Amino acid sequence: MEEIKKWLASFNSLQYLPRFLYLIYRTNKWLFVANLSLRLLKSIIPLFMLWVGKEIIDEVILLSGIENAILNRLYLLVGIEFGLALLSDVFNRLISLTDGLLGDLYANSSSVDLIQKTAKVELAHLEDSEFYDKLERARRQTTSRVSLMSNVLSQVQDLITVASLISALIYFYPILILLLAISIIPSFLNELKFSRSSYSLQRSWTPERRELDYMRLIGASDITAKEVKLFGLADFISSTFKRVADKYFKANKKLAVSRTVWGAVYHIVGDIAYYGAYVFIVLQAVSGQVTIGELTFLAGSFNRLRNQLQSIFSRFSRITENALYLADYFDFMDMQFDNDPGFEQKELPAEITEGIRFENVSFKYPQSDTEVLHDVSFVLRKGEKLALVGENGAGKTTLIKLLLRLYEPTKGAIYLDGIDIRHFPKDAYQQRFGAIFQDFVKYYLTAKVNIAVGNIAEINNDERIEESAVRSLADEVIATLPEGYDQELGRRFRKGMELSGGQWQKIALARAYISDAQIIILDEPTSALDARAEYEVFQRFIGLTEDRTSIIISHRFSTVRMADRILVLKNGRILEMGTHHELVANDQLYAELFELQAAGYKD
């Protein structure tokens, strides 16, 4: 019963093929139609070649007993067979060409669709390991399904060829079809069974395969090379990789061996049925029931038909297996994300007039019972510079994530100009913010692009990009690069050039300046700069963003004290709030942390 369910699941996976073929058709209609037309023409050539071969043999036998025989018909038949062979070769080459072009177009198109779909996924989903497994399976299918397209189209081609050959066999001896079925069907059922088992193995091992990919990355990467060498991690990483890889190998080996053994058994059964049919045809020729030409035609047709059917059934098992993988891609693309906050949507104000207000905001991460923020309430006025201070884990970055609507509050609400932010379209709301995080992304692209990502609409505005670089002091970094703004950054690509941590941070800060955002958030983006450089950067930032609202997170009090007000968090709660002088006089956590840092400099 279980095996029947598995087979049905394999057949059910075929429901994705029409949609898959439509997506390929959509990438380039003319190439798809050309490919299909070539395959249709190619599919009928084998029958004609076998028939012409039969006629040639019968003609040779006929002419062998005649003196001064006229060979015109024989030459014509040989010429026809030669022409068919040439056509078959040309068609094969054109089919391979269009297969390759369509495969590349589909891989590109599906990758673009996956990127666009992922952009709609909430951060909470992306930080969930089970969801990430689904994304990883979908990602693998964007580039590995080209063979499926070729197999499906080849299947159509071979089915037409088989239909024509079966018609010929039925015309002569219908019993040959029964022998043919006996020689093929057992192997087909075996392949179908193991293709499902192979998919189940691959799917169940998705987390382990992700772990193997990660071990490959950290074991052979310029990003981790220093620590791997310094801490002597090579043996640990390689042994961890080997342990997981060996477990996967053993599971896969068991399946592969079983598949091979049973495949050999069923193939022997097929060979017995095939040679039984061959003996039957030979006996018919010996008894004079068929001519020698018809003998070669029947033997050739039966052999070709058997090979074609074996190819079809074997390919069918690969198609069902690949279609199961294809289901992973479509399952992800069909996922519906409940991004509706359940609030009536309103138009976002063109300009912020009042500011931001947190009112009794609490939050706990999905699948966690612990509140990271609890009953947080404060006001951020328009144009104000607010610094967030607190020990690690106090909730500073989480507060920023809620403000940016990367997550929604568990309790309470956040207001923009007196309106709950959930009333605003999320995309439009998020465009009002420019944020540079401590773990900002280092894009291994040009310096120009690395700045422009802060406002990608300005990608071709060189003046705006250069102005932003000057403001963040990134122009000093770019002046040292051989290719200037066109220099690729990082070592991932051949012409790339690596930057120091501080240089990268100046490049990232330029993204804040190129942004048109009305609210700028800097979440410890200058941690790699020395104290003097950070002080200069923030002095410039305060001066250059007078008309913008800003939130700054930093552990350096020389920077924090520049803010108009400072909000101190402890264990997810607001402990105190005020100016630097007010908080020092308050003599609580802020004053303690300030004195500790100051004492370190005095000593």
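Visitor: What percentage of the residues in the protein chain are buried?
Guide: Buried residues make up 44% of the 603 residues in the protein chain. Buried here means under 20% relative accessible area, exposed means over 50%, and partly exposed is in between, with a 1.4 Å probe and protein chains only. Keep in mind that this is a predicted model, where local features need pLDDT of at least 70 and side-chain atom pairs count only at pLDDT 80 or more, while totals for chains, interfaces and linings use all residues. Residues are numbered from 1 along each chain as its sequence is written, and side-chain values use heavy atoms, with hydrogens and water left out.

Visitor: OK. How many helices and strands are there?
Guide: The protein chain has 23 helices and 10 strands. Those are DSSP runs numbered from the N terminus, with helices being H or I of at least four residues and strands being E of at least two.

Visitor: And what about the accessible surface, how much of it belongs to carbon and sulfur?
Guide: Carbon and sulfur atoms account for 57% of an accessible surface of about 31,300 Å². That area comes from the Shrake-Rupley method with a 1.4 Å probe; for residues, only the protein chains shown count as cover.

Visitor: What share of the contacts join residues at least 24 apart?
Guide: Taking contacts between residues at least 6 apart in sequence, 74% join residues at least 24 apart. A contact means heavy atoms within 4.5 Å.

Visitor: What's the split by class, and which domains are involved?
Guide: The lining has 22 nonpolar, 15 polar and 13 charged residues. Nonpolar covers Ala, Val, Leu, Ile, Met, Phe, Trp, Tyr, Cys and Pro, charged covers Asp, Glu, Lys and Arg, and the others, Gly among them, are polar. Domain 1 (17–334) and domain 2 (441–516) each give at least three residues to the lining, with bounds from an automatic or database domain assignment.

Visitor: Now single residues. Is aspartate 158 buried or exposed?
Guide: Aspartate 158 is buried, at 8% relative accessible area. Its place is in helix H8, residues 146–172. Leaving out residues up to four places away in sequence, aspartate 158 touches Gln308, Ser311, Ile312 and Arg315.

Visitor: Where do aspartate 375 and aspartate 417 sit?
Guide: Aspartate 375 is in strand E2, residues 373–381, and aspartate 417 is in the loop between strand E4 (411–416) and strand E5 (419–420).

Visitor: And what's their phi?
Guide: Aspartate 375 has a positive phi of about 55 degrees, although it is not a glycine. For aspartate 417, also not a glycine, phi is positive and near 50 degrees. Aspartate 375 is partly exposed at 42% relative accessible area, whereas aspartate 417 counts as buried at 13%.

Visitor: What does isoleucine 574 touch?
Guide: Not counting residues up to four places away in sequence, isoleucine 574 touches Val376, Ser377, Phe378, Leu567, Val568 and Leu569. Isoleucine 574 belongs to strand E10, residues 573–578, and counts as partly exposed at 27%.

Visitor: Last one: where's threonine 291?
Guide: Threonine 291 is in the loop between helix H12 (234–286) and helix H13 (292–333). It is partly exposed, with a relative accessible area of 35%.
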